[in-house]
Amino acid sequence: MSSTFSTVVAAYDLAAEPYARKFVDELDHKPLDREWLKEFAAIVGADRPVLDIGCGPGHTTAHLTSLGLSATGVDLTPKMIEIASRTFPQSRFEVGDFGALRHESSSIGGILAFYCIVHLTPDQLVPTFAELHRVLGDGGVLLLSFHIGSEVKHVDNFLDTNAVLDFTFFEPSQVEAALMTAGFDNIDIRIRAPYDTEHPSRRCYIFALKPKGAT
Ligand SMILES: C[S@@+](CC[C@H](N)C(=O)[O-])C[C@H]1O[C@@H](n2cnc3c(N)ncnc32)[C@H](O)[C@@H]1O
């Protein structure tokens, strides 16, 4: 099982404030994440719009803004968007579902998806990636991250808030195959060990491109 829409929103509604306190400065302590975000920014460039999907409390969106990108954070949980908008007024945020984006086809230059596929079931990967592929323009880039493994971790007191969530771990090859089925290519997989401050799981970061000329 994975968490449904309503359980995700209910859980992050409860956990949004402690989540923001815990993670808002996390990039300060994650040099590889900063390096890969810089690489992402260089590929996208300043002229094309960028979405940070499942943006949570908005710190990665604000980081993209600080790198000169025209970034909008999108999250399903209104409380997360409220916190993000309050904390980072220099960035844009909106409530939305990354599985059914309001954006026009081929209108987006880059999509960042840090740790937001973690509540999907494996069979939801291809339709979700197909939606991201739809909104990306020619040569558009996706950078996503997730915990490596094959288990579903059930948490029933997330961040000491009584929030209940399932976290799905994925194998890199499984995510790579789903990206290719959805039409992405130039798939570049990076794996890192957890930092001391993180949950002790290995992490996968994947760059993937929408090929030029793809519809
Ligand atoms: C583990 S948090 C990651 C937050 C942030 N990206 C980070 O790296 O800290 C997962 C976030 O994804 C959001 N989310 C889950 N499913 C979503 C969906 N279908 N559309 C948009 N956001 C979603 C949740 O509300 C939550 O804020």
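This is a predicted model: local features need pLDDT of at least 70, side-chain atom pairs count only at pLDDT 80 or more; totals for chains, interfaces and linings use all residues.
Visitor: What surrounds the ligand, and which residues are closest?
Guide: The ligand is surrounded by 21 residues, and the closest are Gly54, Gly56, Leu76, Thr77 and Phe114.

Visitor: What's the make-up of that shell by class?
Guide: The shell around the ligand has 13 nonpolar residues, 6 polar and 2 charged.

Visitor: Which element gives the most to it?
Guide: α1 does, with 3 residues. Both α1 (5–23) and β2 (70–75) supply at least two residues of the shell.

Visitor: Staying with α1, how does it sit against α4, parallel or antiparallel?
Guide: The axes of α1 and α4 (residues 78–87) come within 8 Å and cross at roughly 30 degrees. The two helices are therefore roughly parallel to each other.

Visitor: Which residues meet there?
Guide: From α1, Tyr12, Asp13, Ala16 and Ala20; from α4, Lys79, Met80, Ile83 and Thr87. By class, that contact of α1 with α4 has 5 nonpolar, 1 polar and 2 charged residues.

Visitor: Why would residues three or four places apart in a helix point the same way?
Guide: An α-helix has 3.6 residues a turn, so residues at that spacing point the same way.

Visitor: OK, the sheet. How many strands, and in what order?
Guide: There are 7 strands in an open sheet, ordered β3-β2-β1-β4-β5-β9-β8, with mixed pairing.

Visitor: Which strands stand at the edges?
Guide: β3 (92–95) and β8 (185–192). Each has a single partner strand, so one side of each is left without a neighbour in the sheet. On average, neighbouring strands of this sheet are turned by 15 degrees against each other, direction ignored.

Visitor: And β1 with β2, parallel or antiparallel?
Guide: β1 (residues 49–53) and β2 run parallel, joined by 5 bridges. Pro49 has Ser70 in β2 as its bridge partner, and Ile53 has Val74 in β2.

Visitor: Is β2 mostly covered or exposed?
Guide: Mostly covered: 5 of the 6 residues of β2 are buried.

Visitor: Now α5. Which of its residues are buried?
Guide: In α5 (residues 125–135), the buried ones are Leu125, Thr128, Phe129, Leu132, His133 and Val135.

Visitor: What is Thr60 in contact with, leaving aside its neighbours within four places in sequence?
Guide: Asp52, Cys55, Leu112 and Phe114. As for Leu37, which is 23 residues apart from Thr60 along the chain, the C-alpha atoms of the two are separated by 8.9 Å.

Visitor: What about β6 and β7, what do they form?
Guide: A hairpin, with 4 residues between the two strands. β6 (residues 152–158) and β7 run antiparallel and are joined by 5 bridges. His154 has Asp166 in β7 as its bridge partner.

Visitor: Why call β7 largely enclosed?
Guide: Because 5 of the 6 residues of β7 (residues 163–168) are buried, the strand is largely enclosed by the rest of the structure.

Visitor: Which residue in the turn of that hairpin has a positive phi?
Guide: Leu159, at about 55 degrees. Asn162 is found in the loop between β6 and β7, and its phi is also positive, near 70 degrees. For context, most residues other than glycine have a negative phi.

Visitor: Is Asn162 buried or exposed?
Guide: Asn162 counts as exposed, because it has 11 C-beta neighbours inside 10 Å and the cut-off for exposed is 12 or fewer.

Visitor: And Asn186, where is it found, and what is its phi?
Guide: Asn186 is found in strand β8. The phi of Asn186 is near 50 degrees, a positive value in a residue other than glycine. Asn186 has 11 C-beta neighbours inside 10 Å, so it counts as exposed.

Terms used. Residues are numbered from 1 along each chain as its sequence is written. A residue is near a molecule or strand if its C-beta atom, placed from the backbone, lies within 6 Å of it. Ala, Val, Leu, Ile, Met, Phe, Trp, Tyr, Cys and Pro count as nonpolar, Asp, Glu, Lys and Arg as charged, and the others, Gly among them, as polar. Axes are lines fitted to C-alpha atoms, for helices over the stretch in contact, and angles run from 0 to 180 degrees between N-to-C directions. Angles under 35 degrees count as roughly parallel, over 145 as roughly antiparallel, 65 to 115 as roughly perpendicular and the rest as oblique. Two residues are in contact if their C-beta atoms, placed from the backbone, lie within 7 Å. A residue is buried if 20 or more other C-beta atoms lie within 10 Å of its own, exposed if 12 or fewer, and partly exposed in between; C-beta atoms are placed from the backbone. Two strands pair if DSSP finds at least two bridges between them.
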